[in-house]
Amino acid sequence: MAYDEKLAQRMREALAGDPAITEKKMFGGIAFLRHGLMFAGVSDTSLMARVGPANYEDSLRRKHVREMDFTGRPMKGYVFVGADGLKTEEQLRFWLRRAQDFVATLPPKGEK
């Protein structure tokens, strides 16, 4: 499956300068990781955001947002944001910040 390279590039630019952030091809798209923990990605034309349990319902109430359901079963704490919800840099940065803020509450990869 192809993914929106323009959206991926916008994300790279918004996240530039943070050495803790890496990217990796995953789920037929591309994922962005902070200290090894996935927080956002691009799948088809949508942004995938790991918003966590506390922001999940609020996120779903927002326009252009739907449950993330790669396997046909929703993944709680993850949402897809459609292209219409990412038209401005402010909208994109909101979702990237929300996802990064959640991942910052988790232990680094490899620690339990």
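These notebook entries record what I looked up in the structure, which is a predicted model.

**Entry 1: the sheet**

I began with the strands. The model holds an open sheet of 6 strands, paired in the antiparallel sense, and I noted their order as β1-β2-β3-β4-β6-β5. I then asked which strands stand at the edges. They are β1 (21–26) and β5 (65–67); each has a single partner strand, so one side of each is left without a neighbour in the sheet.

Helix α3 (residues 89–103) touches β1, β2 (29–34), β3, β4, β5 and β6 (78–81). The direction of α3 makes about 30° with that of β4.

**Entry 2: two strand pairs**

I looked up the pairing of β1 with β2. These two strands pair in the antiparallel sense over 6 bridges. Ile21 has Arg34 in β2 as its bridge partner. The two strands form a hairpin with 2 residues between them. In that turn, Phe27 has a positive phi of about 55°.

I then went on to β3 (residues 37–43) and β4 (residues 46–50), which are antiparallel and pair over 4 bridges. Here I found Gly41 opposite Met48 in β4.

A general point belongs beside this entry. In a regular strand, side chains alternate between the two faces of the sheet.

**Entry 3: residues in the loops**

I followed the chain into the loops between strands. His35 is placed in the loop between β2 and β3. The phi of His35 is near 50°, a positive value in a residue other than glycine. Is His35 buried or exposed? Its relative accessibility is 52%, and because exposed means over 50%, His35 counts as exposed.

Asp44 lies in the loop between β3 and β4. Asp44 is not a glycine, yet it has a positive phi of about 60°. With a relative accessibility of 43%, Asp44 counts as partly exposed.

I found Pro74 in the loop between β5 and β6. At 38% relative accessibility, Pro74 also counts as partly exposed. I asked with which residues Pro74 is in contact, leaving aside its neighbours within four places in sequence. The residues are Tyr56, Glu67, Met68 and Asp69. I also looked up the separation between Pro74 and Arg12, which are 62 residues apart along the chain. Their C-alpha atoms are separated by 27 Å.

**Entry 4: the cavity**

Rolling a probe the size of a water molecule over the atoms shows where empty space is left. How many cavities of 30 Å³ or more does a search of the whole structure find? The search finds 1, and the largest cavity has a volume of about 50 Å³.

I listed the residues that line this largest cavity: Met26, Phe27, Gly29, Ile30, Ala31, Gly41, Val42, Ser43, Met48 and Phe70. Some of these names were already in my notes. Phe27 is the residue in the turn of the β1–β2 hairpin, while Gly41 and Met48 stand opposite each other. Both β2 and β3 supply at least two residues of the lining.

Key. Residues numbered from 1 in each chain as written. Predicted model: local features only at pLDDT ≥ 70, side-chain atom pairs only at ≥ 80, totals over all residues. Heavy atoms only, no water. Pairing = 2+ DSSP bridges. Contact = heavy atoms within 4.5 Å. Axes fitted to C-alpha atoms, helices over the stretch in contact; angles between N-to-C directions. 1 Å grid on protein atoms, 1.4 Å probe; cavity = no way out; pocket = protein on both sides within 12 Å on 5 of 7 lines; lining within 4 Å. Points joined across faces, edges and corners; volume = space filled by probe spheres on them. Buried < 20%, exposed > 50% of the residue type's maximum accessible area, 1.4 Å probe, protein only.
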